[in-house]
Amino acid sequence: MATWFTEKQTENFGITAKVNRTLHKETTDFQELEMVETEEWGNMLLLDDMVMTTEKDEFVYHEMMAHVPLFTHPSPKKVLVVGGGDGGVIREVLKHDSVEQATLAEIDGKVIEYSKKYLPSIAGTLDDVRVDVQVSDGFMHIAKSEREYDVIMVDSTEPVGPAVNLFTKGFYEGIAKALKEDGILVAQTDNPWFKADLIRQVYGDVKETFPITRVYTANIPTYPSGLWTFTMGSKIYDPLKVTDERFTAFDTKYYTKELHKACFALPKFVKDMTEED
């Protein structure tokens with residue numbers, strides 16, 4: 001008899017995947033962690049019964065989280081990733097030659113441990129010499145930092161459990177202080193079909209903190225609704241004004257220099273969630 005995993009995305013809707021076997025399952029100090037092998041998506045990381053990443057479609061999220069801000073900033077040298085213990089965003093960050101140090105602040109060391117074991121294609125660069133892996137609370141890491149980073153990426157789970165504080169105005173204000181005078185923030189901000197209020201809240205909070213605030217989207221099949229948003233806050237640099245000379249060629253599967261600007265063209269119902277003209 002086949003085994004199926006269903007992520008219940010609302011009270012009335014979910015997404016289901018056929019599971020071949022469970023690779024690991026445990027209750028960590030912070031959440032329920034499960035690594036499963038699926039028929040369609042390869043190995044899949046679940047936290048509190050929510051899909052975090054899969055081998056098949058992970059590149060979309062990780063490329064869009066990393067490359068949009070890193071090509072917007074003219075010379076990103078020091079980067080912080082809050083959360084993201086699977087290592088996918090770090091892997092993409094390291095493709096930029098200008099980056100001298102990439103710090104990972106992940107609160108749950110078990111996510112790092114089992115991603116290395118079962119998701120090596122995603123977590124394989126966490127041992128790179130440019131990476132500083134810290135098993136620590138990203139909220140507190142931000143609070144202790146000042147004018148330190150060029151780019152900060154918030155690769156969090158949904159706003160439940162240990163990630164609740166990562167969706168507050170105070171956190172974004174802390175990030176602004178932790179960034180250099182020309183720094184950039186990018187945060188994942190969930191999907192517009194089921195989390196419109198969250199997108200409105202985050203957009204408003206970031207806009208009150210950063211002079212340039214923009215929302216962009218990507219298609220991620222295993223995330224709720226498939227349409228995902230990211231919110232960028234920038235002190236100086238506008239992602240829509242990046243010139244072609246800024247882009248360098250390296251291996252990607254989703255991100256392109258054309259998509260860099262196209263991803264900011266929002267569907268009307270998503271655009272209505274922001275205050276942009």
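Visitor: Which residue in E7 does Lys78 stand opposite?
Guide: This is a predicted model, so let's go by what it shows. Strands E6 (residues 78-83) and E7 (residues 101-106) pair in the parallel sense, with five bridges between them. Across from Lys78, the residue in E7 is Gln101.

Visitor: And which residues does Val81 stand opposite in E7 and in E9?
Guide: E6 also runs parallel to strand E9 (residues 149-155), and five bridges join that pair. On the E7 side, Val81 faces Leu104. On the E9 side, the residue opposite Val81 is Met153.

Visitor: Is E6 largely enclosed or left open by the rest of the structure?
Guide: Look at its six residues, 78-83. Five of them are buried, so the strand counts as largely enclosed.

Visitor: What handedness does the β-α-β unit with E6, H2 and E7 have?
Guide: The unit takes in E6, helix H2 (residues 88-93) and E7. E6 and E7 are parallel partners. The β-α-β unit they make with H2 is right-handed.

Visitor: Which strands stand at the edges of the sheet?
Guide: Seven strands with mixed pairing make up an open sheet, in the order E8-E7-E6-E9-E10-E12-E11. Two of them have a single partner strand each, so one side of each has no neighbour in the sheet. Those edge strands are E8 (131-135) and E11 (212-219).

Visitor: By how much are neighbouring strands of this sheet turned against each other on average?
Guide: Here direction is ignored, and the figure is an average over neighbouring strands.

Visitor: How far apart are the end C-alpha atoms of H7?
Guide: H7 has 12 residues, and at 1.5 Å a residue they should span 16 Å. The model agrees, because the end C-alpha atoms are apart by 16 Å.

Visitor: What do the buried residues of H7 pack against?
Guide: Among the buried residues of H7 are Leu198, Ile199, Val202 and Tyr203. The elements that the buried residues pack against are H6, E10, E11 and E12.

Visitor: Which element gives the largest share of the largest nonpolar core?
Guide: That core has 38 residues, and Val93, Met153, Tyr216 and Phe230 touch the most other members. Several elements supply at least two residues each, including H1 (58-72), E6, H2 and E7. The largest share is nine residues, and the element behind it is H1.

Visitor: How many residues are in the second, separate core?
Guide: Leu80, Tyr149, Phe171 and Leu185 are included in this one. The count for the second core is 19 residues.

Visitor: Is Thr103 buried or exposed?
Guide: Thr103 has its place in strand E7. Beyond its neighbours within four places in sequence, Thr103 is in contact with several residues, including Val79, Leu80, Val81 and Ile90. Its relative accessibility is 2%, and because buried means under 20%, Thr103 counts as buried.

Note on methods
Residues are numbered from 1 along each chain as its sequence is written. This is a predicted model: local features need pLDDT of at least 70, side-chain atom pairs count only at pLDDT 80 or more; totals for chains, interfaces and linings use all residues. Side-chain values use heavy atoms; hydrogens and water are left out. Buried means under 20% relative accessible area, exposed over 50%, partly exposed in between (1.4 Å probe, protein chains only). Helices (H or I, at least four residues) and strands (E, at least two) are DSSP runs, numbered from the N terminus. Two strands pair if DSSP finds at least two bridges between them. A crossover is right-handed if, with the strands pointing away from the viewer, the path from the first strand over the helix to the second runs clockwise. Axes are lines fitted to C-alpha atoms, for helices over the stretch in contact, and angles run from 0 to 180 degrees between N-to-C directions. A nonpolar core is a set of buried Ala, Val, Leu, Ile, Met, Phe, Trp, Tyr and Cys residues joined through side-chain atoms within 4.5 Å. The expected span of a helix is 1.5 Å times one less than its number of residues. Contact means heavy atoms within 4.5 Å.
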